[in-house]
Amino acid sequence: MSITLLVVEDDNILRKSLVYYLKSKDYEVIDVDNGNEAISLIANQKFDIIITDLNLPYKSGMEILYEVREIFELDIPVIILTNHGSESVEIESFELGASEFISKPFSPPILNSRIQKLLS
Amino acid sequence: MLTKQEQKRISALLSYQILDTPQEESFNTLVNLIAEICNVPMALISFMDAKREWHKASVGFQPTEVPKEDTICQYTINAKGFFEITDTKKDERLIDNPFVVKDPYVRYYAGTTLQSPEGYSIGTVCVLDKEVRELNSTQIQAIHHVAKQVMLILNLKKQNKLMREELDELLLTSSTVTKRQLQNKEDEINYLLKAIKKTAGVLELSPDGTILKANSKFLKLFKYQKEEIYGLNYEVLKFKDQNLSDFGASWKQISQGFAQSGRVVRKAKDNSEVHLHTMYAPIRDLTGKVVKVFKIAQDASIAHQAELKLHTAKEMAEKIAKSKDNFIANMSHEIRTPMNAIIGFTNLLENTGLSTDQVEYVSSVKLASINLLSIINDILDISKIESGMFSVVETEFVLEDIIQNIKNILNLKASEKQLCTRVMLDSELPYKLKGDGNRLQQILINLIGNAVKFTEKGEVGLILKVIEKSETDIKINFLVQDSGIGIPKDKLSLIFERFTQADEDTSRFYGGTGLGLNISKLLIERMKGSIQVNSTVKVGSEFSVTLPFGIVEETPSVHDVSEYSLINVTSLPAGLNILVCEDNVLNQKLVTNLLHDQDAKVTVASNGIDGLYEFSKDSFDLILMDIQMPNLDGYDTTSIIRNDLNHSIPIIALTAHSMVGEKEKCLNIGMNDYVSKPILKKDLFTSILLATQKSKPDANQERNLDLSYLSEFTGGNKEFEHEMISQFISETPKILAELIAENQLEVISKLAHKLKSSFQIFGIPTYTLQLLEQSENKLISTEKLNCLKSIVKKMLDDYLQLIEEQVQS
């Protein structure tokens with residue numbers, strides 16, 4: 001059974017590279033570059049894991065996390081990827097229910113191992 | 001006129017409600033039975049009211065009723081039991097009876113009464129014959145049985161009826177009760193709804209979001225008239241950027257019957273903001289389908305205002321706290337800087353060929369200024385304590401360095417008074433520790449200083465002993481002993497308090513602010529240690545301090561000792577080209593003079609930006625970099641030079657702070673060495689020599705395009721990499737151009753953030769972008785902004801060139 005990931009990242013190059021990498025690891029990947037579309041997709045489709053940046057147009061990664069946890073009430077794992085890796089941001093995201101917090105630049109293989117861990 | 005008795009009999013009869021009822025099988029069967037058993041052609045089950053005998057069931061007898069006076073049964077009724085007429089012709093009473101003289105010519109009669117439970121005869125069961133005859137006992141018995149049976153049936157019926165009536169009444173009462181309860185509940189709900197509508201805005205929506213009804217409070221909140229809003233979709237109350245899909249998602253929940261609540265911002269008719277505390281209550285019908293949605297909204301504008309105020313207050317409090325921090329740090333800097341200048345120039349003055357008198361005078365000035373500096377330090381420390389800024393940090397420091405410093409001070413001070421000194425170190429002491437080395441040094445200097453101060457003859461000693469040691473932690477005892485004047489027993493507890501010395505006289509004689517021990521004690525406690533004192537007047541004192549530390553390195557892993565530390569360095573090779581970044585004019589002069597004396601070419605910049613500018617114009621041998629500078633400080637300037645400009649020119653830090661941990665910070669950022677103010681010629685020259693010897697001539701390293709990070713994503717797929725490269729080449733210059741043209745810090749920060757991700761993929765250093773990203777929250781000069789922008793532009797241009805070269809190859 002295939003695993004479907006949602007990647008939310010507004011930097012084109014990073015997003016495309018990440019999607020390429022994840023597809024090469026045999027995941028089904030859907031990608032968007034803003035928070036609104038991300039929410040639309042989540043409302044209508046089932047994902048196994050959501051990978052999102054924090055800084056996004058329209059809706060931030062934190063808002064996405066909040067809506068996924070509080071409004072949709074989904075347990076689906078959410079991995080936060082971000083450049084703003086401060087301690088307080090990390091704590092806040094875990095309090096909101098993030099499953100993993102990864103600072104950029106990150107290592108793709110390590111991200112993959114985190115994904116695998118969350119899926120098991 | 002009926003007798004009372006008769007009335008009662010009749011009412012008993014009536015209570016059975018049997019008169020004039022249709023024929024029933026049960027009675028017919030019985031009457032047939034008795035006719036059979038008695039072998040008679042006629043039998044009756046009849047009931048006698050006031051005027052007539054009415055037949056419920058009959059055999060062989062036509063009329064259903066007979067007037068009372070014409071009946072035979074009337075006599076049976078009166079007899080109240082079994083009554084027999086063997087020959088009607090012989091009975092006077094029946095001479096004129098129509099049923100005797102005419103058809104059916106009754107000759108024989110036998111019957112018994114039907115008795116009600118109260119004992120009234122309400123009717124009869126009788127048999128009639130046309131011949132004279134007799135009944136045997138069995139037949140007579142049968143008549144009794146049948147009568148009994150009839151009464152049984154009647155009584156049962158009566159009971160049934162009564163029970164049914166009772167039941168009906170019960171049902172009626174209970175249904176009345178239920179109705180009343182229902183009514184109460186309805187009333188309750190109505191009151192509730194009324195109360196809600198009175199105190200909150202209530203909106204009724206259809207499941208698809210169409211506005212059906214709104215109460216006046218709601219309309220008032222949103223500044224609408226009723227008519228305008230009915231029939232419109234709920235979207236009209238939202239701001240444009242509140243995307244529909246957001247509404248759609250939670251609406252999905254609502255339309256599935258899940259209540260939602262929370263704080264929202266909505267749009268009023270005049271496009272102003274309405275802050276609400278809102279609750280959605282979906283109403284379901286019996287099948288579970290949502291038929292209506294109630295939205296209950298409380299005005300949260302006060303809460304919103306409070307939040308804004310809180311936010312503002314918080315920001316203000318943070319600003320104040322920060323400016324307080326800054327104030328103290330600045331004051332600290334402001335005060336120490338001229339002090340350093342005084343001491344520094346006094347030192348220089350000492351070496352300028354003075355007369356004996358002048359040497360004495362200069363020496364006094366120097367002593368006084370060193371004292372003043374120490375007093376100022378104490379005051380600054382106290383002011384930090386007062387403002388709660390009393391912090392103890394955790395850094396890594398080399399214990400040896402501190403001991404060496406203490407030794408120097410001890411020996412210097414002791415030699416002035418011709419005292420002996422002794423320093424003994426436990427062999428188990430580790431090389432590198434984790435803790436606040438700076439504070440430790442401060443404490444020891446205080447104790448040693450006191451020991452020397454209060455001792456006229458004899459010895460001052462420092463002994464370090466390991467009390468407890470594990471693999472990661474250690475407790476060290478520092479013992480400072482002196483053979484001084486001692487402290488009276490009753491004053492022992494007072495010495496740690498602020499502004500007291502053991503004796504008023506001692507304070508006048510020995511001088512000092514009396515702050516040292518108080519600070520030391522607070523520091524020790526903050527560092528989770530302890531201090532004790534033992535003393536005997538005229539013999540001496542012992543101060544024992546125990547402190548915990550973490551162990552970083554047992555033995556030095558790298559040979560830290562420099563080859564030059566044993567030689568007294570007094571000169572530099574001629575012709576060095578040195579860039580000095582220092583904001584203080586006095587310090588600039590100081591350093592420049594020292595260097596000019598050694599035939600060095602000196603360029604001075606008063607802040608990081610000017611420094612970068614000068615740096616780009618000429619090729620230097622090394623940079624002397626002050627840490628505290630306006631606009632761009634020493635750390636940021638060094639980072640830009642090291643990371644973004646990729647230059648390995650030697651950089652030596654100059655700083656007024658004497659914090660031990662700061663050395664590590666400077667080295668981590670990429671500086672080569674560290675010289676603390678007041679700048680001693682020997683220290684400066686040693687560092688310069690070391691730095692310039694170790695560096696290679698071509699300091700500018702060859703830049704290479706590093707695609708290793710990109711290939712972690714692509715797995716080496718050249719085609720995809722080329723695609724990403726093309727995208728980078730086409731997109732990034734545009735974003736950069738936007739950034740350069742932009743003046744709003746918020747937008748610049750966002751653009752810098754955007755560029756950062758792309759830069760990272762291609763291995764381009766992002767330190768300058770980080771600074772630009774963080775500029776959002778700081779006051780930043782146009783100068784600094786432009787400098788940073790131009791650095792980013794240059795870097796990107798260089799890298800784009802590299803990329804294009806790569807692509808062509």
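**A loop residue and its surroundings**

Modeller: Leaving aside residues up to four places away in sequence, Thr766(B) touches Asp644(B), Lys756(B), Phe759(B) and Gln760(B), where contact means heavy atoms within 4.5 Å. Please keep in mind that this is a predicted model, in which local features need pLDDT of at least 70 and side-chain atom pairs count only at pLDDT 80 or more, while totals for chains, interfaces and linings use all residues. Residues are numbered from 1 along each chain as its sequence is written, chains are lettered from A and ligands numbered from 1 in the order in which they are written, and side-chain values use heavy atoms, with hydrogens and water left out.

Thr766(B) sits in the loop between α22 (745-761) and α23 (767-774) of chain B. Helices (H or I, at least four residues) and strands (E, at least two) are DSSP runs, numbered from the N terminus. With a relative accessible area of 15%, Thr766(B) is buried; that word means under 20%, whereas exposed means over 50% and partly exposed lies in between, using a 1.4 Å probe and protein chains only.

Next, look at a pair of helices in chain B. Helix α21 (residues 718-741) and helix α24 (residues 782-808) of chain B have axes 11 Å apart and pack at an angle of about 165 degrees. Axes are lines fitted to C-alpha atoms, for helices over the stretch in contact, and angles run from 0 to 180 degrees between N-to-C directions. α21(B) and α24(B) are therefore roughly antiparallel; angles over 145 degrees get that name, those under 35 count as roughly parallel, 65 to 115 as roughly perpendicular, and the rest as oblique. Among the residues making the contact are Phe728(B) and Leu736(B) of α21(B), with Leu796(B) and Glu804(B) of α24(B). By class, this contact of α21(B) with α24(B) has 12 nonpolar, 1 polar and 3 charged residues. Here Ala, Val, Leu, Ile, Met, Phe, Trp, Tyr, Cys and Pro count as nonpolar, Asp, Glu, Lys and Arg as charged, and the others, Gly among them, as polar.

Another pair in chain B is α11 (residues 399-416) and α12 (residues 437-453), whose axes come within 10 Å and cross at roughly 20 degrees. α11(B) and α12(B) are therefore roughly parallel to each other. Their contact includes Ile402(B), Ile406(B) and Ile409(B) of α11(B), along with Leu444(B) and Ile448(B) of α12(B). An α-helix has 3.6 residues a turn, so residues three or four places apart point the same way. The contact of α11(B) with α12(B) is made up, by class, of 11 nonpolar, 3 polar and 1 charged residues.

Elsewhere, Ile140(B) lies in helix α5 (residues 137-199) of chain B. Its C-alpha atom is 9.4 Å from that of Ile37(B), 103 residues apart along the chain.

Stepping back, chain B has 24 helices and 23 strands, and 45% of its 809 residues count as buried. Chain A comes to 5 helices and 5 strands, following the pattern β-α-β-α-β-α-β-α-β-α along the sequence. Of the 120 residues of chain A, 54% are buried. Its helix α3 (residues 61-71) is mostly covered, with 8 of its 11 residues buried, including Met62(A), Leu65(A) and Val68(A). Just after α3(A), Glu73(A) takes a positive phi of about 55 degrees.
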